[in-house]
Amino acid sequence: ACMIDPMVSRLLLFATKSTEKGQMIAIATIQEIAMANSIPVPTKPALDMGLRMGEASGCITSVPLLRSACATISSLATLNDVMGLEMGK
């Protein structure tokens with residue numbers, strides 16, 4: 001898809017690293033396409049769990065982890081909340 005339209009690379013997020021060599025070749029190709037077109041380069045996969053491509057186990061494992069991270073961030077108290085401070089009043 002990135003070879004057809006390099007702008008596609010702006011939408012990619014590599015969630016899990018595979019043990020398959022082909023995935024790293026594909027990621028490197030996508031990164032090269034992005035660089036050649038002055039598009040922000042997608043970074044390396046967020047998680048490395050030693051899984052193989054095609055199993056969908058990376059997705060199944062990472063979704064609860066991402067949900068937990070989102071819940072933690074959205075429910076995190078601020079120092080003002082904890083200390084009962086009223087700023088700007």
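This is a short tour of helix H1 and two buried residues, Gln-23 and Ser-9.

Before you start, note that the model is predicted: local features need pLDDT of at least 70, side-chain atom pairs count only at pLDDT 80 or more, and totals for chains, interfaces and linings use all residues. Residues are numbered from 1 along each chain as its sequence is written, and side-chain values use heavy atoms, with hydrogens and water left out.

**Stop one: the helix.** Select residues 21–36, which form H1 (helices are DSSP runs of H or I with at least four residues, strands are E runs of at least two, both numbered from the N terminus). From first C-alpha to last, these 16 residues reach 23 Å, close to the 22 Å expected at 1.5 Å a residue (that is, 1.5 Å times one less than the number of residues).

**Stop two: its two faces.** Now pick Gln-23, Ile-27, Ile-30, Gln-31, Ile-33 and Ala-34, the buried residues of H1. They lie on the same side of H1 because they cover an arc of only 160° around the axis, taken from the directions from the helix axis to the C-beta atoms. Buried means under 20% relative accessible area, exposed over 50% and partly exposed in between, with a 1.4 Å probe and protein chains only.

**Stop three: Gln-23.** This residue of H1 is buried at 13% relative accessibility. Its side chain reaches the backbone nitrogen of Ser-18 at 2.5 Å.

**Last stop: Ser-9.** Select Ser-9 in the segment before S1; its relative accessible area is 2%. Ser-9 touches residues including Ile-30 and Ala-34 (contact means heavy atoms within 4.5 Å).

Definitions and conventions: Polar contact = N/O pair within 3.5 Å; in protein donor to acceptor, adjacent residues only side chain to side chain. Lists of a residue's contacts leave out its neighbours within four places in sequence.
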